[in-house]
Amino acid sequence: MAMSSLLLKPCLLHLPTKVKNTGADSIKSFTCRNSLKTNTTTILSKDSNYKLSWQDEFKRAFPSHEWENCGENDEKFQELVDMRAVDNIRMLIVDAVQKSKAGHPGMALGMAEVGYFLYRHVMRYNPRNPKWFNRDRFVLSSGHGCLLQYVCLHLAGFQSVQIEDLKRLCKLGSRTPGHPENTLTDGIEVTTGPLGQGVANAVGLALAEAHLAARFNKPDVAIVDHRTYCIMGDGCAMEGISFEAASLAAHWKLNKLTLIYDDNHNTIDGSTDLAFSEDISQRFKALGWNTITVDDTGSNMRSFKTALLAAYSETQRPTFIRVKTRIGKLSKKEGTSKAHHGTFDEDDEKQMKQKVKWDDRDQFHVIPMVYREMQVQADRGEELEMEWQSKLYDYQNKYPQEAAEFKVLLSGGMLPGWENALPKWSTSDPVDATRGYSEKCLNQLAKVLPGLIGGSADLASSNKAYLHDYEDFRQPDSPWGRNIRYGVREHAMAGISNGIALHGGGLIPFAATFLIFSDYMKNSIRLSALSDAGVIYIMTHDSIGLGEDGPTHQPVEQLAGLRAVPRLLVFRPADGNETAGAYKVAVARRNVPSLICLSRQKVAAHVEGTSEDAVERGGYIVSDNSGENLPEIILIGTGSELCLCEGCAGVLRKEGRRVRVVSLVCWKLFDRQPIEYKEEVLPYSVSKRVSVEAGSPIGWREYVGPEGFVLGVEDFGASGAYLDTFKKFGFTQENITRIARNLLSK
């Protein structure tokens with residue numbers, strides 16, 4: 001019988017669940033439990049030739065009484081196949097670690113059954129098109145266990161992980177790095193490693209699915225219908241971001257999110273009881289999750305299947321499945337922290353292979369039938385994608401307007417000419433803080449960017465980060481809403497935003513708070529840059545200029561730290577037009593995160609000479625009275641301090657001095673410009689330069705040179721009216737003019 005004809009029957013657990021939609025009746029759900037009663041085995045287990053192909057392998061691995069009669073028992077046959085496939089996964093894990101002399105085998109060995117079951121029997125994916133939109137998403141929050149995912153991806157048919165890649169685990173330039181990276185390996189949805197981040201990412205992925213489903217699904221056709229699975233470990237359970245995100249997932253009723261907890265009672269330092277004693281299941285239950293405990297996956301996987309069935313039946317809550325495992329399964333180090341990372345000694349490797357009857361096989365051996373077994377899921381995924389494409393075609397005929405918008409999102413979420421919606425300001429417009437100009441930009445962009453979605457960490461009114469013509473994201477009332485209420489959870493907000501950005505549904509997330517609280521978010525912001533996640537971070541109250549709240553809320557060192565993050569674009573616009581320019585760049589660069597720093601205090605709507613378009617170059621000349629000559633001095637400013645530079649320049653020009661004012665709105669963009677352009681803006685021969693920024697002076701020496709003067713903040717700020725605070729730290733037109741005169745006199 002041809003393989004293609006064997007694959008017509010749906011695989012285990014491929015059952016859509018109830019989908020909410022905008023005001024329409026819910027789509028009828030399949031009864032998952034009843035369907036499984038009639039589909040407990042896959043079509044391959046009914047193929048007699050396929051069963052015969054396993055006979056020698058069963059003889060090798062199992063006592064005769066376990067396999068001799070399985071030919072008449074399809075369910076028992078499948079159980080033995082699954083067990084042997086898990087053995088193969090464990091041996092590949094051991095081989096990869098031994099070959100590379102690096103890696104973290106402990107979690108991978110302990111969770112082999114769970115990883116295999118998800119990739120073989122549960123998740124919908126198409127390895128021939130890893131970016132198929134309606135695939136299920138999988139996140140490995142305990143990213144050190146990535147070898148398990150690499151092996152599963154290889155067996156599942158992903159071209160991104162070949163046997164040679166497994167042999168090059170952790171090697172420079174390999175597609176199997178020490179922690180999973182979505183930019184290197186197809187099949188990896190998000191980059192994880194810092195524990196707990198993946199949990200927040202998974203919440204973001206699930207939110208994106210729920211939001212898009214509510215906007216586009218109809219009573220007779222669901223084009224957005226997929227689930228999110230995430231594996232977390234004990235370390236993730238200890239990190240605060242996990243519970244910030246889990247709290248929101250329950251509050252938002254993300255019922256298509258399943259979190260699987262690898263409860264192996266070990267971290268690097270030893271047993272978890274050294275520092276961890278609470279009942280995690282009870283904690284998740286208190287948050288509002290559906291909680292299930294699986295005591296043993298080693299003897300069989302039925303209990304895990306039962307837990308997943310319960311997750312599929314849940315319509316209101318996300319599901320937390322606690323799986324009790326043994327870290328380093330099979331090893332002499334099993335059940336101890338020593339199994340977390342590192343290689344195995346020769347005797348340990350030998351006895352592990354003996355335990356699963358593998359001792360006479362070459363390294364990286366794969367049972368041929370395991371490939372065939374996994375191909376079932378791959379072929380079914382290809383079928384599912386074809387069915388989805390057909391469904392999308394029907395949807396387009398029935399709902400052309402919604403289909404057009406959906407296709408825009410799948411193409412990246414940007415309509416041609418979207419940037420024309422950005423406001424433009426003139427010198428006659430009323431003054432406002434740059435956070436106010438940002439608010440106008442956001443709300444204009446929301447009208448032309450259907451994927452723009454986001455919110456603030458309980459500071460929407462202060463950050464001015466709210467889309468006024470759109471509802472809040474809230475289930476079941478308004479999951480189509482484009483404003484996300486994060487509460488006081490900055491870290492989770494950033495991690496969730498990464499998940500939204502990497503979902504692939506064309507959503508453009510923004511996340512807002514005070515710049516000082518970027519410290520809470522730093523690790524997630526860094527991962528945005530590492531993951532090519534185009535999150536737009538909106539950071540208001542950007543300097544000591546925020547005034548009365550004092551040094552606890554006045555950022556000083558934050559700008560320097562954020563500018564040091566590779567790939568992250570940090571903007572500090574001076575007026576309305578530079579703010580619009582920052583948004584223009586941030587939206588256009590969908591694979592780069594941007595962070596826009598905005599003032600609380602009011603500044604001019606348009607500082608004469610600033611330009612929306614020039615922002616994309618990072619730095620440019622705002623004004624210069626030098627004519628064909630070089631300037632005598634260059635004043636370089638950002639943000640609200642650019643106005644001070646212009647005021648100082650006006651005074652010096654009246655004294656007959658040639659003065660240039662430069663806006664350095666984004667250092668990274670300026671650094672990337674051609675040498676000729678940078679020389680044009682900051683001529684090397686003009687050594688008299690002053691930089692003016694109400695933040696740390698770190699980094700400015702590169703732009704002012706050895707003879708220039710850096711005016712910055714070298715201590716914490718102070719509580720007081722912003723003008724008084726600025727005066728205390730020297731940010732006045734008079735002081736800047738004095739500094740410039742001193743330089744000119746040398």
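**Notebook: a predicted model, residue by residue**

I began at Glu578, which sits in helix H24, residues 576–588. The model I am reading is predicted. I looked up the exposure of Glu578 and found a relative accessible area of 0%, so Glu578 is buried. I then listed what Glu578 touches, leaving aside neighbours within four places in sequence. The list holds Arg572, Pro573, Thr610, Val615, Tyr620, Leu642, Ser663 and Val665. I also checked the spacing to Arg526, which is 52 residues away along the chain. The C-alpha atoms of Glu578 and Arg526 are 24 Å apart.

**Entry: the open sheet**

I went on to a sheet of 5 strands. In what order do the strands of this open sheet lie? I read the order as E16-E18-E17-E19-E20, with mixed pairing. Strand E16 (620–624) and strand E20 (709–711) are the edges, since each pairs on one side only. On average, neighbouring strands here are turned by 20° against each other, direction ignored.

I took the pairs one by one. Strand E17 (residues 633–637) and strand E18 (residues 659–663) run parallel and are joined by 5 bridges. Within that pair, Leu635 stands opposite Val661 of E18. Helix H25 (residues 641–654) packs on the sheet, where it touches E16, E17, E18 and strand E19 (689–692). I noted about 170° between the direction of H25 and that of E18.

E17 also pairs with E19, in the parallel sense and over 4 bridges. Leu635 turns up again here, opposite Val690 in E19. E19 in turn pairs with E20, again in the parallel sense, over 3 bridges. The bridge partner of Ser691 in E20 is Val710.

Are the residues on the two faces of E19 buried or exposed? I found Arg689 and Ser691 on one side, Val690 and Val692 on the other, and all of them buried. Both faces of E19 are therefore covered.

**Entry: Glu490**

I checked the UniProt record, an unreviewed entry, and it places the feature "active site" at Glu490. Glu490 lies in helix H21, residues 490–502. Why does Glu490 count as buried? Its relative accessible area is 8%, and buried means under 20%. Not counting residues up to four places away in sequence, Glu490 touches Glu244, Ala457, Thr513, Phe517, Tyr520 and Met521.

**Entry: Asn266**

I found Asn266 in strand E4, residues 266–267. Asn266 counts as buried because its relative accessibility is 10%. A polar atom of the Asn266 side chain lies 3.2 Å from the backbone oxygen of Gly335. Gly335 is also on the contact list of Asn266, which leaves out neighbours within four places in sequence.

I looked up the largest nonpolar core and counted 76 residues in it. Which residues have the most contacts inside this core? They are Trp252, Leu254, Ile496 and Leu595. Helix H11 (residues 197–216) gives the most to the core, with 12 residues. I listed the contacts of Trp252, not counting residues up to four places away in sequence. Among them are Val203, Leu207, Phe473, Gln475 and Ile496.

A second, separate core has 74 residues and includes Cys70, Leu148, Leu166 and Met374. I followed Met374 and found it in helix H17, residues 368–398. Met374 is buried, because its relative accessibility is 2%. Beyond four places in sequence, Met374 touches Tyr116, Tyr119, Arg120, Tyr125, Cys152, Leu155 and Ala156. Met374 and Gly235 are 139 residues apart in sequence, and 31 Å apart from C-alpha to C-alpha.

I noted a cis peptide bond from Gln475 to Pro476, with omega near 5°. Pro476 is in the loop between helix H20 (460–463) and strand E10 (483–485). Lys464 is found in the loop between H20 and E10 as well. Lys464 is not a glycine, yet has a positive phi of about 60°. At a relative accessible area of 28%, Lys464 is partly exposed.

Lys253 also has a positive phi, near 60°, in a residue other than glycine. I located Lys253 in the loop between helix H13 (240–251) and strand E3 (257–263). Is Lys253 buried or partly exposed? With a relative accessible area of 29%, Lys253 is partly exposed.

Methods: Residues are numbered from 1 along each chain as its sequence is written. This is a predicted model: local features need pLDDT of at least 70, side-chain atom pairs count only at pLDDT 80 or more; totals for chains, interfaces and linings use all residues. Side-chain values use heavy atoms; hydrogens and water are left out. Buried means under 20% relative accessible area, exposed over 50%, partly exposed in between (1.4 Å probe, protein chains only). Contact means heavy atoms within 4.5 Å. A polar contact is a pair of N or O atoms within 3.5 Å; within protein, one must be able to donate a hydrogen and the other to accept it, and residues adjacent in sequence count only if both atoms are side-chain atoms. Two strands pair if DSSP finds at least two bridges between them. Axes are lines fitted to C-alpha atoms, for helices over the stretch in contact, and angles run from 0 to 180 degrees between N-to-C directions. UniProt positions are given in the numbering used here, feature names are shortened, and annotations may be inferred rather than shown by experiment. A nonpolar core is a set of buried Ala, Val, Leu, Ile, Met, Phe, Trp, Tyr and Cys residues joined through side-chain atoms within 4.5 Å.
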